[in-house]
Amino acid sequence: MATSSSLLPVLGLALLLFCWLLSAADDERANKSSGGALIWATGKDETDLLTVVDSSVEDEADELSGGFSSLDSMLQWAIGHSDPEKLKEKASDVQKLSVEELIKRQVEIKELMERLKTPSDAELMKIAITDLNNSSISLEDRQRALNELLILVEPIDNANDLDKIGGLLPVIQELHNADPGIRMTSAWVLGKASQNNAVVQNQILSYGALTRLVKMVYSSSIEEAVKALYAISALIRNNERGQELFYLENGNSMLQEIMTKPNVDIRLQKKAVFLVADLADSQITNSESLKLPFLSDRIFLKSVVDLTSSSDLDLQEKALLAIRSLLRLTTSDAIDFKDFCGLDIVLERMRVQLDNLTSQEEQRDYARDMESLRREVAIIFDQKLEQAMPVPT
C-alpha cells in the first residue's frame with residue numbers, strides 16, 4: 001500500500017491543478033456573462049446533460065482533453081502556465097492537508113474534468129436523435145434538434161454514421177410533421193447528408209423518402225418546396241436507382257410544371273432547370289445507364305428553352321447550360337429543337353441581348369461569359385442539326 005509520503009507529491013500536484021482550474025473558471029465567469037453559452041441539450045433534463053458551458057472554460061477543456069495522454073502531463077502543463085510564487089503558496093497549503101483530504105480533492109478534479117469534457121459529434125447526434133424520438137418535447141426543441149443535425153451531418157463520416165446510430169428514420173418521419181418549418185429542415189438535413197454520398201443516398205432511397213419529397217415540392221410553403229427539391233437533387237445525383245425512382249414518381253411532370261407554370265418562385269425554377277442539366281450530364285457520362293425518355297420529349301425540351309426568355313440573367317444562364325447538355329444527348333432531336341422549340345430564334349435573340357449588355361460596364365464581364373456559352377450552344381446545335389438533315393442526292 002502506498003504511504004502518505006509517496007502520495008503527497010502526486011496528490012499535491014493534483015490539488016494544484018484543481019485549484020488552477022477552479023481559479024481560472026472563477027476568474028473567467030467573473031469577467032464574462034452567460035450570454036456566450038453553448039446550448040447542447042434540447043429535450044433532456046438538466047440533471048442528465050450539461051446544458052450551458054461557459055465558452056472560456058470549454059476552450060480550456062478542449063485543450064486539456066485534446067493534448068494530453070495522462071494526468072501527469074496535464075499537471076506539468078498546468079504548472080508551466082501558473083505563477084511560480086502562487087504555486088509555492090499552494091504547495092505549502094497542500095502539505096497541511098491529510099491524505100484523505102487530498103484524495104477527496106483528486107476525485108473532485110476528475111468530476112470537474114468530466115463535466116468540462118466537450119461531447120463528440122456522435123454524442124451530439126445521439127442527443128438530437130433522442131429528442132426527435134421524444135413525442136413530448138416542444139416544437140422549438142424539435143426544431144433545434146434538426147438544426148443541430150443539419151450542421152453535424154455535413155462531414156461525410158458523420159453522415160455515414162447517421163443511420164448506424166438510428167438517426168435517418170426519425171428525420172424521415174419528420175417529413176410528415178404538421179409544421180412546415182420542421183418538414184423543411186428535415187428535407188434540408190436529408191439533402192445535406194446525401195450530397196455526393198452514394199451510401200447515404202441509397203439508405204434514404206431504401207426508406208422510401210423520395211415519394212414524400214416529391215409531394216413536398218408541391219407545398220404551398222415556398223421554403224419547404226425549395227428544400228424538398230434541393231434534397232431530391234442531392235439524393236438522385238449520379239445515382240441510377242434514384243433517377244429511376246424519380247421517373248417512376250413522375251418527377252419529370254413535377255419539373256415541367258415548375259418550369260412552365262406562371263408565378264412559380266424563381267428559386268424553384270433555377271433548381272429545376274439545374275436538375276435537368278444534371279440528369280442530362282449523368283446520361284452522357286454513363287452511356288449504359290438508365291435512359292430517361294422525358295429528356296428527349298419535345299414538350300419537355302420547350303419548357304427548358306422557354307426559360308431563356310426570363311428577365312433573370314442567372315436563370316437564363318442555367319437554362320442555357322441545360323440546353324447544352326440536352327443537345328449532347330444522342331436521344332434528343334435537333335429538328336425538335338429547331339421547329340418545335342425555336343432554338344435558333346432564341347439563340348439569335350440572346351446574341352442581341354448580350355451585345356447590348358456589353359455596353360453596360362457593370363454587366364460587361366458577365367455578358368461576355370454568357371456570349372461564350374451561347375456560341376458554344378449554337379455550334380453544338382448547328383452540328384447536331386447538320387447531322388439530322390438528309391444528305392441531298
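Because the model is predicted, local features need pLDDT of at least 70 and side-chain atom pairs count only at pLDDT 80 or more, while totals for chains, interfaces and linings use all residues. Residues are numbered from 1 along each chain as its sequence is written, and side-chain values use heavy atoms, with hydrogens and water left out.

To start with the overall picture, the chain holds 21 helices and two strands. Here helices (H or I, at least four residues) and strands (E, at least two) are DSSP runs, numbered from the N terminus. Of the 393 residues in the chain, 44% are buried. Buried stands for under 20% relative accessible area, exposed for over 50%, and partly exposed for what falls in between, with a 1.4 Å probe and protein chains only. A contact means heavy atoms within 4.5 Å. Among the contacts in the chain with a separation of 6 or more, 71% come from residues 24 or more positions apart.

Helix α21 covers residues 364-388, and its 25 residues should span 36 Å at 1.5 Å a residue, which agrees with the 36 Å between its end C-alpha atoms. The expected span is 1.5 Å times one less than the number of residues in the helix. The buried residues of α21 include Ala367, Met370, Leu373, Val377, Ile380 and Phe381, along with the charged-type names Glu371, Arg374 and Lys384. The buried residues of α21 pack against α18 (313-327), α19 (334-340) and α20 (343-357).

One of those partners, α18, has 15 residues and reaches 21 Å from its first C-alpha to its last, close to the 21 Å expected at 1.5 Å a residue. Its buried residues include Leu313, Leu315, Gln316, Ala319, Leu320 and Ser325. The cover over the buried residues of α18 includes α16, α17, α19, α20 and α21. Glutamine 316 sits in α18 and counts as buried because its relative accessibility is 1%. Apart from neighbours within four places in sequence, glutamine 316 is in contact with Leu307, Thr308, Ser310, Ser311, Met350, Gln353 and Met370.

Helix α17 (residues 298-306) packs on α18 at an angle of about 145°, with the two axes 8 Å apart. Axes are lines fitted to C-alpha atoms, for helices over the stretch in contact, and angles run from 0 to 180 degrees between N-to-C directions. On the α17 side, Leu301, Val304 and Val305 meet Ala319, Ala322, Ile323 and Leu326 of α18. This contact of α17 with α18 has seven nonpolar, no polar and no charged residues. In this scheme Ala, Val, Leu, Ile, Met, Phe, Trp, Tyr, Cys and Pro count as nonpolar, Asp, Glu, Lys and Arg as charged, and the others, Gly among them, as polar.

Elsewhere in the chain, helix α6 (residues 121-132) and helix α7 (residues 139-152) cross at roughly 150°, and their axes come within 9 Å. That angle makes α6 roughly antiparallel to α7. The word applies to angles over 145 degrees, with under 35 counting as roughly parallel, 65 to 115 as roughly perpendicular and the rest as oblique. The contact involves Asp121, Leu124, Met125, Ala128, Asp131 and Leu132 of α6 and Arg142, Ala145, Leu146, Glu148, Leu149 and Leu152 of α7. By class, the contact of α6 with α7 has eight nonpolar, no polar and four charged residues.

A further pair is α11 and helix α13 (residues 222-236), which pack at an angle of about 115° with their axes 9 Å apart. Gln201, Ile204 and Leu205 of α11 meet Ala234, Leu235 and Ile236 of α13.

Lastly, some single residues. Most residues other than glycine have a negative phi. Asparagine 196 is not a glycine, yet has a positive phi of about 55°. Asparagine 196 lies in the loop between α10 (180-194) and α11 (198-206), and is exposed at 58% relative accessibility. Asparagine 263 also has a positive phi, of about 65°, and is placed in the loop between α15 (251-260) and α16 (266-285). With a relative accessible area of 81%, asparagine 263 is exposed.
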